[in-house]
Amino acid sequence: MKIIIISEPLAFAKKIDALSRKNLSFLTFKDKPSGTKDAMLIFDFAWKDIFTLLPALKEKNIKANIIVSVDTIGKYNFYDDPQKLPWRDMLTLEQIKTLIHAGWGIATYGLGYKKEDLEFEKEEAIFRLKNMGLETDIFITPFKNIKNEIK
């Protein structure tokens, strides 16, 4: 399976047409791979500008996945040093629900993209997401290679 990780959604927007011509079968985190044309498109962080890509991806029948840090939903990437990575707005809860309703997958980095207390981060994030109406049991370890985490 080909895993495509996107960190900059607006830069990726220019590549949607080319990607759609590859005739790949796009999977969510919950889908089972079924062939050599399987691919998984993952938006590494839940930046708010991801939402602007929904119409183009929907038109091309491309499903995608997002990874959220629970404490940043509707806020910004407060865990980053703004001198190194500027603070940016994150998806709102309603936007995330819209993406899920459109067939996207969801995973979590935990509460705030931390290296410590990973078991607590995982359990608490999954619990809070469920209380928000978002079901997932997929935890991606922060600061690890995402491709090694996807099973």
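Okay, let's start with a group of rings: Tyr 76, Phe 78, Tyr 79 and Trp 87 make up one aromatic cluster. Rings of Phe, Tyr and Trp (for Trp, the six-membered ring) count as a pair if their centres lie within 6.5 Å, and the planes are called stacked under 30 degrees apart, edge-to-face over 60, and tilted for the rest.

Before I go on, a word about the model. It's a predicted one, so local features need pLDDT of at least 70 and side-chain atom pairs count only at pLDDT 80 or more, while totals for chains, interfaces and linings use all residues. Residues are numbered from 1 along each chain as its sequence is written, and side-chain values use heavy atoms, with hydrogens and water left out.

Back to the rings. How many aromatic pairs turn up in the whole structure? The search finds 7. Take Phe 45 and Tyr 109: their ring centres are 5.7 Å apart and the planes sit at 40 degrees, so this pair is tilted. It links distant parts of the chain, with Phe 45 in the loop between strand 3 and helix 3 and Tyr 109 in strand 5 (residues 105–110), 64 residues apart. Helices (H or I, at least four residues) and strands (E, at least two) are DSSP runs, by the way, numbered from the N terminus.

Are these two buried or exposed? Phe 45 is buried, with a relative accessible area of 15%, and Tyr 109 is buried too, at 2%. Buried means under 20% relative accessible area, exposed means over 50%, and partly exposed is in between (1.4 Å probe, protein chains only).

Now for charges. The whole structure has 7 salt bridges, a salt bridge being a side-chain nitrogen of Lys or Arg within 4 Å of a carboxyl oxygen of Asp or Glu. One of them joins Arg 88 to Asp 49, at 3.1 Å from N to O. Why care where they sit? Arg 88 is in the loop between strand 4 (65–69) and helix 4 (93–101) and Asp 49 is in the loop between strand 3 (38–43) and helix 3 (54–59), so the pair ties together parts 39 residues apart in sequence. Both Arg 88 and Asp 49 are buried.

Arg 88 has another neighbour: it lies over the face of Trp 47, 4.1 Å from the ring centre. For a charge to sit over a ring, NZ of Lys or CZ of Arg must be within 6 Å of the ring centre and within 35 degrees of the ring normal.

Next up, Arg 128. Its side chain meets Asp 71 in a salt bridge of 2.7 Å, N to O. Arg 128 is in helix 5 (residues 118–131) and Asp 71 in the loop between strand 4 and helix 4, 57 residues apart. Arg 128 also bridges to Glu 124, with the closest N and O atoms 3.0 Å apart. Those two both lie in helix 5, 4 residues apart, about one turn of the helix.

Last stop, the inside. Which residues have the most contacts within the largest nonpolar core? They are Phe 12, Leu 41, Phe 43, Leu 57, Ile 66 and Trp 104, in a core of 45 residues. Such a core is a set of buried Ala, Val, Leu, Ile, Met, Phe, Trp, Tyr and Cys residues joined through side-chain atoms within 4.5 Å. Strand 3 gives the largest share, 5 residues. Leaving aside neighbours within four places in sequence, Leu 57 is in contact (heavy atoms within 4.5 Å) with Phe 12, Ile 16, Leu 41, Phe 43, Ile 62 and Trp 104.
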